[in-house]
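Please look over the sequence and the structure below before reading on. The briefing that follows takes up the overall layout and then a few residues.

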Amino acid sequence: MPAARVHRGLVLSGDRFIRTAADSLALRSALPAALAVEMEGAAVAQVCHDYGIPFAALRTISDRADDTAHVDFMSFVDTVASRYSAAIVKALLASLQPSPKTPQALIFTPRVNSCQ
């Protein structure tokens, strides 16, 4: 895999796919600090906020949000996004050190009442 670059900053979230240069230019003009546009993160972030759950988004950018947007998105997911995301999650998990405050997994088994 070619080396990935990590960016931190403003990511826009909306309810439609940005597919034309005109749409992309309008967004960049209105919000020049924006690094990317996506469609799912804001909804998940809002629910996490409402329930006090920490949230972080990990995105692999699939296109330039213009007339050159990928036609075969699933091919992009299979060949690029899934590999980068898996590598990042593995590195993150490997960097986590368990501590006494880290909750341990809880396993629940149903109680079965037997009649004998």
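A contact means that heavy atoms lie within 4.5 Å. Among contacts in this protein between residues at least 6 apart in sequence, 60% join residues at least 24 apart. The model is a predicted one, in which local features need pLDDT of at least 70 and side-chain atom pairs count only at pLDDT 80 or more, while totals for chains, interfaces and linings use all residues. Residues are numbered from 1 along each chain as its sequence is written, and side-chain values use heavy atoms, with hydrogens and water left out.

**Overall layout**
- The protein has three helices and two strands, where helices (H or I, at least four residues) and strands (E, at least two) are DSSP runs numbered from the N terminus.
- Along the sequence, these elements follow the pattern β-α-β-α-α.
- Of the 116 residues, 13% are buried, a word that stands for under 20% relative accessible area, with exposed meaning over 50% and partly exposed in between (1.4 Å probe, protein chains only).

**Residue E38**
- E38 belongs to strand β2, which covers residues 36–38, and E38 counts as buried because its relative accessibility is 8%.
- The side chain of E38 reaches the backbone nitrogen of G41 at 2.5 Å.
- Leaving aside residues up to four places away in sequence, E38 touches V11, L12, S13, G14 and R59.

**Residue I88**
- I88 is found in helix α3, which covers residues 73–95, and I88 counts as partly exposed because its relative accessibility is 39%.

Note on methods:
Polar contact = N/O pair within 3.5 Å; in protein donor to acceptor, adjacent residues only side chain to side chain.
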